[in-house]
Amino acid sequence: MSSVLSEYEAIHQELRKENFIRNTYPPDPSEKLWNKKIMTMPREELDKLKTFRLKRIVKWAWDNIPFYRNYWKSKGFEPEMIKDWKDIVKIPILRKDELRKDLQSNPPFGTIMHPELAKRIRFVGATSGSTGLPTFQGWGALELDYFQEGQARYLWTFAGVKPTIVYANYLNMSGFYSWGPPVVETAMWRCGATAIAGGGETFFSWKNRHMLIFKLWKVDVFATTPWLHRLIGEEARLEGWETPFKVLLLHGGAAAENTKKKLFQVHPNAKLAINVWGTTDGHMAIEIPGSEGQLVVWEDMEIFDIVDPKTDEPVSEGERGELIATLLNHFTMPLIRYSLGDYVKNEFIKDPDPVFGITHMRFAEPIPGRVEWMFRVKGKLLFPIYVEDAVNEIPDTTGMFNLVIYDNEMDKLKIKIETRKEFVDPAYDKQAKEILGSRLGIDPDSVEIEWLKPGQSVWTGYKLQVFLDQRKKK
């Protein structure tokens with residue numbers, strides 16, 4: 001056995017032995033928290049742990065991954081510069097373009113993955129590739145084990161996924177799915193639940209089959225995008241029955257406040273709607289019930305920092321910037337100070353949450369979207385999530401819409417909205433424009449609406465394509 005493989009397996013066993021990855025499951029249903037010791041770890045211990053793990057992953061990458069060693073040397077960085085986890089800002093930022101260059105030159109995984117570990121990956125994930133070549137991620141035994149642990153923490157603790165509970169995963173199950181059976185359903189089994197891997201992208205072609213499954217299996221916890229949640233609830237109401245879902249897990253985009261209100265209307269048995277943010281790479285942040293809008297980060301798994309996308313310098317507390325992330329336990333394919341492209345506020349809450357006593361830090365507000373999703377109308381900075389919140393205040397709409405982005409600085413908000421009205425009269429159109437203008441802080445005369453019939457909005461798989469980008473690519 002090679003020294004690299006031996007070290008990798010030793011670290012894996014260490015994490016299980018120290019119970020960072022719970023190795024006895026499912027717990028007794030009376031246990032409130034999935035992993036109380038780790039989820040309520042004192043702040044000072046978390047900080048020491050982050051320092052230790054950051055030093056370890058940086059040294060690992062320097063010693064074993066040519067991509068990082070060469071890239072860091074070119075930027076003047078060396079591992080000895082890390083004395084504390086806060087020194088993470090000294091590490092050069094890695095963006096997707098750099099990763100793509102390496103993948104193209106050394107397919108399929110580039111030099112960012114150690115060849116010995118590449119032979120032993122358990123699962124391959126990939127981004128959508130919508131902007132070019134997809135970036136692939138290789139997950140080994142350690143990474144999968146830890147990610148399933150992270151999933152189980154929120155599923156058991158927040159969503160009540162326990163023995164006898166039926167969970168249906170309606171995320172994307174095709175085209176190199178990321179949060180599909182290998183990484184999510186296995187977490188369900190740790191919780192002792194019954195897992196149904198539905199595949200949200202097949203809903204439109206197999207709608208009757210899926211609706212029948214919901215009724216027959218009486219699904220308790222349902223996971224998909226906010227838009228597909230809404231559509232399924234609306235379809236059930238039109239068919240004259242109520243969905244059985246008690247907990248709605250909202251993936252693929254943060255749900256605005258009014259979106260949640262609409263979801264509870266169309267899913268009358270639901271008691272909780274929880275935003276779940278995550279990436280193909282294995283990052284996650286989960287909204288805590290009782291602290292709505294605040295997404296907890298498992299700090300034993302990753303470190304986030306936030307920079308000005310123009311300068312790469314850290315932004316001040318309370319300012320907004322680009323989200324940068326470091327996975328502390330991904331050795332097969334390390335992602336260290338990797339730009340996720342999301343635009344967030346640099347404000348984190350570190351006091352224990354009032355319901356569960358979890359000590360890991362929380363984003364103070366939802367993650368609104370990616371940097372490239374920002375747009376301006378007459379100087380007003382907007383995000384799709386803000387528009388979605390306003391659209392849901394317009395009467396007789398389905399909540400489905402597409403934004404038409406034709407320039408970086410636009411004179412008008414051009415938007416396509418689905419309405420159930422057979423005829424849109426001028427009064428209704430004017431009312432909608434006034435609602436959008438008031439909620440978004442722009443002149444109603446700067447709003448241009450194209451009204452669609454239900455089902456006419458543009459979707460990509462199981463996601464509503466809220467952002468129709470018609471800007472000329474440079």
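At 11% relative accessibility, Arg 100 counts as buried. In this predicted model, Arg 100 forms a salt bridge with Asp 97, and the closest N and O atoms are 3.8 Å apart. Asp 97, by contrast, counts as exposed at 52% relative accessibility. Both residues belong to helix α5 (residues 96-105), where they sit 3 residues apart, about one turn of the helix. Side chains of opposite charge can pair when their charged atoms come close, and the structure holds 33 salt bridges.

The side chains of Lys 207 and Glu 235 meet in a salt bridge with an N to O distance of 3.1 Å. Lys 207 lies in helix α9 and Glu 235 in helix α10, so this contact ties together parts of the chain that are 28 residues apart in sequence. Glu 235 is buried, with a relative accessible area of 18%, while Lys 207 counts as partly exposed at 29%. Helix α9 (residues 207-217) also contains Trp 217, which is partly exposed at 49% relative accessible area. Together with Leu 212 and Leu 216, Trp 217 makes a nonpolar surface patch of about 350 Å².

Helix α10 leads on to the strands. β5, helix α10 (residues 226-239) and β6 make a right-handed β-α-β unit. From β6 the chain crosses through helix α11 (residues 257-266) to β7, and this β-α-β crossover is right-handed. Strand β5 (residues 221-224) pairs with β6 in the parallel sense over 4 bridges, and β6 runs parallel to strand β7 (residues 272-278), again with 4 bridges. Leu 248 of β6 is the bridge partner of Phe 222, and the bridge partner of Leu 248 in β7 is Ala 273. In a regular strand the side chains alternate between the two faces of the sheet. Strand β6 (residues 247-250) is covered on both faces: Val 247 and Leu 249 are buried on one side, and Leu 248 and Leu 250 are buried on the other.

Asp 389 forms a salt bridge with Arg 439, the closest N and O atoms being 2.5 Å apart. The pair links helix α12 (residues 384-391), which holds Asp 389, to helix α13 (residues 426-440), which holds Arg 439, across 50 residues. Asp 389 counts as buried at 12% relative accessibility, whereas Arg 439 is partly exposed at 38%.

Technical notes:
Residues numbered from 1 in each chain as written. Predicted model: local features only at pLDDT ≥ 70, side-chain atom pairs only at ≥ 80, totals over all residues. Heavy atoms only, no water. Buried < 20%, exposed > 50% of the residue type's maximum accessible area, 1.4 Å probe, protein only. Helix = DSSP H or I, 4+ residues; strand = E, 2+ residues; numbered from the N terminus. Pairing = 2+ DSSP bridges. Right-handed = clockwise from strand over helix to strand, strands pointing away. Patch = residues over 30% accessible without salt bridge, like charges linked within 9 Å, V, L, I, M, F, W, Y side chains within 5 Å. Areas by Shrake-Rupley, 256 points an atom, 1.4 Å probe, with all protein chains shown as cover. Salt bridge = Lys/Arg side-chain N within 4 Å of Asp/Glu carboxyl O.
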